[in-house]
Amino acid sequence: MRVDAGLAKLLGLSRTAVAAIADADDVLIDGRVVGKSDRLTAGAMLEITLPAPPQPITVQAIPVEGLVVIHEDDDIIVVDKPVGVAVHPSPGWTGPTVVGGLAAAGHRIATSGAAERQGVVHRLDVGTTGVMVVAKSESAYSALKHAFKERTVDKVYHAIVQGHPDPIKGTIDAPIDRHPKHDYKFAVMNSGKPSITHYEVIEAFRAASFVEVHLETGRTHQIRVHFSALHHPCVGDLTYGADPTLAKRLGVTRQWLHARQLGFHHPADGQWVTFTSEYPEDLASALEKLREEG
């Protein structure tokens, strides 16, 4: 394998990170410096000098416009996440975050988890809106993490995808891994993690379909990747092959994808609870335009 591809698998790092290590002359095979495009050979002595660990990321308590608390009790906070907001800080992200917005509003959240994502039990993409839950108590954090791992949480998304999926109701069972050429993307890959998406078309238009999606797994970009692999990308999702002309006509500047509903057993008493998020203005407007076109 190439040095960048092989070391990415060996170290669990992105190919970009591995390429940076190679570019710094920190990868040697049998004592000879090699580049990212050189080949790994069986039986050779491989030496890698890893860079110093990054400085810890801190949460900035900054108010987030449009971040709405749907429900709060002693154990959980359920929020409606607006577009353009990350769930927690990460390297390279300087924009607003859910945890930072909650901190600015005076909400206490669990201290479990890495410092920059304490209380976070699941995530939504920056460009995806909708309902999500954050743990306030340590017991709730543990219970919700377990529930997401065991797939007992009901995650319902609404999406508008290009064209007309056939069949109109089905399951996409295809493993997802990081894209082999673009670090910021993911793709259906044999080497990927098991990923299962259930969908049903609930309304069809001339150029697109309105679908309800139930996620069985929760991989990064899962819905976007799966529908792109079917050649029915989410409307407006230019990263995964959407038609820019259609997106412009409907006035959407990001993927039409919304976390509509979240159901789970409440960590305090085990009772089933369900929370729903309404469509934000840009998505609602695009849906209305499609309905008007027929």
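Trainee: How many bridges join E1 to E3, and which way do the two strands run?

Mentor: In this model, which is a predicted one, E1 and E3 are joined by three bridges and run antiparallel.

Trainee: Which residues of H1 are buried?

Mentor: Helix H1 covers residues 3–11, and its buried residues are Val 3, Asp 4, Ala 5, Gly 6, Leu 7 and Ala 8. These buried residues pack against helix H2, at 15–23, as well as against strand E1, at 27–29, and strand E3, at 46–48.

Trainee: What follows H1?

Mentor: The helix is followed by Gly 12, and the phi of this glycine is positive, near 75°.

Trainee: Switching topic, where is Gln 222?

Mentor: Gln 222 belongs to helix H5, which spans residues 222–229.

Trainee: Why does Gln 222 count as buried?

Mentor: It counts as buried because its relative accessibility is 2%, and the cut-off for buried is under 20%.

Trainee: So what does the side chain of Gln 222 make a polar contact with?

Mentor: One partner is the side chain of Thr 197, at 2.8 Å. If we leave out residues up to four places away in sequence, Gln 222 touches Ile 176, Ser 195, Ile 196, Thr 197, Leu 215 and Thr 217.

Trainee: OK, now the largest nonpolar core: which residues touch the most other members?

Mentor: Those are Val 133 and Phe 264, in a core of 45 residues. Setting aside neighbours within four places in sequence, Phe 264 is in contact with Ile 76, Val 133, Leu 144, Val 153, Gln 271, Trp 272, Val 273 and Phe 275.

Trainee: How many residues are in the other core?

Mentor: The other core, which lies apart from the largest one, has 14 residues, including Ala 208, Val 235, Leu 246 and Ala 247. As general background, nonpolar side chains tend to be buried together in soluble globular proteins.

Methods: Residues are numbered from 1 along each chain as its sequence is written. This is a predicted model: local features need pLDDT of at least 70, side-chain atom pairs count only at pLDDT 80 or more; totals for chains, interfaces and linings use all residues. Side-chain values use heavy atoms; hydrogens and water are left out. Buried means under 20% relative accessible area, exposed over 50%, partly exposed in between (1.4 Å probe, protein chains only). Helices (H or I, at least four residues) and strands (E, at least two) are DSSP runs, numbered from the N terminus. Contact means heavy atoms within 4.5 Å. A polar contact is a pair of N or O atoms within 3.5 Å; within protein, one must be able to donate a hydrogen and the other to accept it, and residues adjacent in sequence count only if both atoms are side-chain atoms. Two strands pair if DSSP finds at least two bridges between them. A nonpolar core is a set of buried Ala, Val, Leu, Ile, Met, Phe, Trp, Tyr and Cys residues joined through side-chain atoms within 4.5 Å.
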